Amino acid sequence: MKNLIVVAPTFYSDLNETRYRLGLEACKEAARCDIRLILVDASPIPDMAKHFVEAGMGKHGSMVTVLKQKSKGRKGSALREAIQAAVDEMTQNSDGDANCFVAFQELEKVQMISFWASIVKHMERTSSDICIPRRADKEFKASYPIEQYHQENFVNLYLDTLAVGIPSLDWTMGPIIFRMSMAKHWTEFIDGELWDAQLVPLVRAARQNSAKISSYEVQYEHPKEMKAEEEFSPEWCEKRLFQTNFLFEHVGKALKEGS
């Protein structure tokens, strides 16, 4: 797809990590689906970038570019760098940004790669500026750790109650796609560190610039390896509690301020 670039911040401390192995599968899927993928990576592992580029080899070369993270900071800093890199590339290769899209996803969500083409068509058909995919409940409940299923539904319901003027969204799924003209909302939100870097720009785009937000259901199935690793784990339950509180504080605050 010439009018779409998918970006992902990455960090791995060990090549045996489940997330790293799934990331390689996502690069292979990007090549299969003809999806351009830009990764901004902060891993300390030598030659890791080479493995991702090789995994993304398609008929006309690799669909994957790996950039070393330049700025200090967490996930939000890498996300802003990746989005800017996508905008720069599409600006050079297109006549305008009216029909160019930038998408974000966590790289380990392998199957998500295959849904982007249909989501772009949905956005073109509905004239959406920003779209958050929504997990079909059957696949969501079956493929995710059960604690995560309940926690993320709870957070979604809470944020929906605050989101006056914004349609009901799967706020916690992770992936987001927007028209290139919307990119400044993400690249200019320099205070975003984690999930706020993904979601607060959406809120501001909707409230301050009347961006049209939409939702699109996908039959997304989470990797079995992730469920096996995280379900019934006290450590992961504590991480999800941290995420819940973080989203209530930062994204909830943005929604309250703009209501």
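The paragraphs below go through the strands, helices, pockets and a few single residues of this structure.

The model is predicted, and local features need pLDDT of at least 70, side-chain atom pairs count only at pLDDT 80 or more, and totals for chains, interfaces and linings use all residues. Residues are numbered from 1 along each chain as its sequence is written, and side-chain values use heavy atoms, with hydrogens and water left out.

The strands come first. Helices (H or I, at least four residues) and strands (E, at least two) are DSSP runs, numbered from the N terminus. Two strands are taken to pair if DSSP finds at least two bridges between them. Strand β6 covers residues 101-104. On one side, β6 runs parallel to β1 with four bridges, and F104 of β6 has V7 opposite it. β6 also runs antiparallel to strand β8 (residues 176-179), again through four bridges; here A103 faces I177 of β8. Both faces of β6 are covered, with F101 and A103 buried on one side and V102 and F104 buried on the other. Buried stands for under 20% relative accessible area, exposed for over 50%, and partly exposed for values in between (1.4 Å probe, protein chains only).

From β8 the pairing continues to strand β7 (residues 130-135). Two bridges join β7 and β8 in the antiparallel sense, and F178 in β8 is the bridge partner of I130. β7 also pairs with strand β9 (residues 213-218), in the parallel sense and over six bridges. I130 has I213 of β9 opposite it. Strand β7 is mostly covered, since five of its six residues are buried.

Helix α2 (residues 48-55) has M48, F52 and A55 as its buried residues. These cover an arc of only 65° around the axis, which puts them on the same side of α2; the arc is that of the directions from the helix axis to the C-beta atoms. The buried residues of α2 pack against α1, β2 (36-41), β3 (57-58) and β5 (64-68). Contact here means heavy atoms within 4.5 Å.

H185 sits in helix α7 (residues 183-187) and counts as buried because its relative accessibility is 12%. Leaving aside neighbours within four places in sequence, H185 is in contact with P201, A205 and N209. Of these, A205 is 20 residues away in sequence and 6.5 Å away in space, C-alpha to C-alpha. M226 belongs to helix α9 and is buried at 4% relative accessibility. Not counting residues up to four places away in sequence, M226 touches T18, R19, L22, E108 and P145. The C-alpha atoms of M226 and S168, 58 residues apart along the chain, are separated by 27 Å.

On a 1 Å grid over the protein atoms alone, a pocket is an open set of points where a 1.4 Å probe fits, with protein on both sides within 12 Å along at least five of seven lines; lining residues have an atom within 4 Å of a point. Grid points are joined across faces, edges and corners, and a volume is the space filled by probe spheres set on the points. The largest pocket holds about 1,100 Å³. Its lining has 39 residues, and R19, K75, E108, W195 and W236 lie nearest the centre. The elements that each supply at least two lining residues include β1 (4-10), α1 (18-33), α3 (75-93) and α9 (224-230). The largest share, six residues, comes from α10. By type, the lining divides into 17 nonpolar, 10 polar and 12 charged residues. Ala, Val, Leu, Ile, Met, Phe, Trp, Tyr, Cys and Pro count as nonpolar, Asp, Glu, Lys and Arg as charged, and the others, Gly among them, as polar.

The second largest pocket has a volume of about 430 Å³. It is lined by 17 residues, with M1, K2, D34, R36 and M63 nearest its centre. α3 gives the largest share of this lining, three residues. The lining of the second largest pocket comprises six nonpolar, six polar and five charged residues.

D34 also has a backbone feature: a positive phi of about 60° although it is not a glycine. D34 lies in the loop between α1 and β2 and is partly exposed, with a relative accessible area of 43%. F232, also not a glycine, has a positive phi of about 60°. F232 is in the loop between α9 and α10 and is exposed at 66% relative accessible area.
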